[in-house]
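Me: I would like to learn how to read a protein model. Please show it to me, and then we can go through it feature by feature.

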Amino acid sequence: MKRSLSLVAALAAAMAACIAAPPPASARPADCALYANIFTNSNGLQGRAEVICPNREDYRVEIYLRRMDGWRNTPVAFAGKDLIEQGWQILSTYEPCSDVQTDKQYFAHAYLHDGRFGSPIEIRDVKSNTVWGHC
């Protein structure tokens with residue numbers, strides 16, 4: 001009787017391990033590198049996200065340009081893209097000179113999401129250095 005109970009318990013544990021889905025954070029493009037840069041040029045401010053993946057991965061990359069408004073970091077420009085790629089990928093967004101506020105500071109904020117589970121799951125984010133708004 002005792003042996004059959006332990007056998008049933010072992011089978012139940014094995015079945016639970018097979019049925020239970022792995023947590024989303026355990027399967028992600030963790031080997032991908034993420035960089036955020038901000039540039040000033042004659043057309044405005046450019047935020048750029050760079051992703052480098054040594055293996056083919058399913059991910060979403062997003063780049064925001066944010067303006068530092070006192071206690072908030074207001075998003076002023078955005079770009080996002082879903083990819084299944086390997087290697088180096090770049091995504092950019094712009095804030096035109098006509099909209100740049102010269103008395104505020106700006107920075108780029110990049111996000112990397114795992115795209116393999118339908119709804120993207122954030123893996124990491126990075127911020128660039130800050131620059132004053134000028135063209």
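Me: In which element is confidence lowest, and in which is it highest?

Reply: The mean is lowest in helix H1, residues 2-19, at 48. Strand E4 has the highest mean, at 95. Averaged over the protein, pLDDT is 83, and 79% of the residues score at least 70.

Me: Over which residues does pLDDT stay under 50?

Reply: Where pLDDT is low, the predicted coordinates should not be read in detail. Here that applies to residues 14-27, where pLDDT stays under 50. For residues 14-27 the model has six contacts beyond four places in sequence.

Me: Let us turn to the rings. How many aromatic pairs does the structure hold?

Reply: Two. In reading such a pair, look at the distance between the ring centres and at the angle between the planes. Tyr64 and Phe78 have their centres 4.8 Å apart and their planes at 45 degrees, and this pair is tilted. Tyr64 belongs to strand E2, residues 44-69, and Phe78 to strand E3, residues 72-96. The two residues are 14 apart, and their pair links distant parts of the chain.

Me: Why does the pair of Tyr64 and Tyr111 count as edge-to-face?

Reply: The planes of Tyr64 and Tyr111 stand at 80 degrees, with the centres 5.7 Å apart, so the pair is edge-to-face; the angle has to be over 60 for that. This pair also links distant parts of the chain, Tyr64 in strand E2 and Tyr111 in strand E4 (residues 105-114), 47 residues apart. Taken together, Tyr64, Phe78 and Tyr111 form one aromatic cluster.

Me: Are Tyr64 and Tyr111 buried or exposed?

Reply: Both Tyr64 and Tyr111 are buried. Phe78 is partly exposed, because its relative accessible area of 41% falls between the limits of 20% and 50%.

Me: Which residue lies over the face of Tyr64?

Reply: For this, look at the charged end of a side chain and at the centre of a ring. Arg66 lies over the face of Tyr64, 4.6 Å from the ring centre. There is also Arg72, whose charged end sits over the ring of Trp71, at 6.0 Å from the centre.

Me: What about charged partners: how many salt bridges does the structure hold?

Reply: Side chains of opposite charge can pair when their charged atoms come close. This structure holds six salt bridges. In one of them, Arg60 meets Glu62, at 2.9 Å from N to O. Arg60 also forms a salt bridge with Asp82, where the closest N and O atoms are 3.2 Å apart. Arg60 is in strand E2 and Asp82 in strand E3, so this pair ties together parts that lie 22 residues apart in sequence.

Me: Which residues is Val76 in contact with, leaving aside its neighbours within four places in sequence?

Reply: Val76, a residue of strand E3, is in contact with Leu65, Arg67, Glu95 and Tyr106. At a relative accessible area of 22%, Val76 is partly exposed.

Me: Where does Asp114 lie, and is it buried or exposed?

Reply: Asp114 lies in strand E4 and is buried, with a relative accessible area of 1%. A polar atom of the Asp114 side chain lies 2.9 Å from the backbone nitrogen of Arg116.

Note on methods:
Residues numbered from 1 in each chain as written. Heavy atoms only, no water. Phe/Tyr/Trp six-rings, centres within 6.5 Å; stacked < 30°, edge-to-face > 60°. Helix = DSSP H or I, 4+ residues; strand = E, 2+ residues; numbered from the N terminus. Buried < 20%, exposed > 50% of the residue type's maximum accessible area, 1.4 Å probe, protein only. Lys NZ or Arg CZ within 6 Å of the ring centre and 35° of its normal. Salt bridge = Lys/Arg side-chain N within 4 Å of Asp/Glu carboxyl O. Polar contact = N/O pair within 3.5 Å; in protein donor to acceptor, adjacent residues only side chain to side chain. pLDDT = per-residue confidence, 0-100. Contact = heavy atoms within 4.5 Å.
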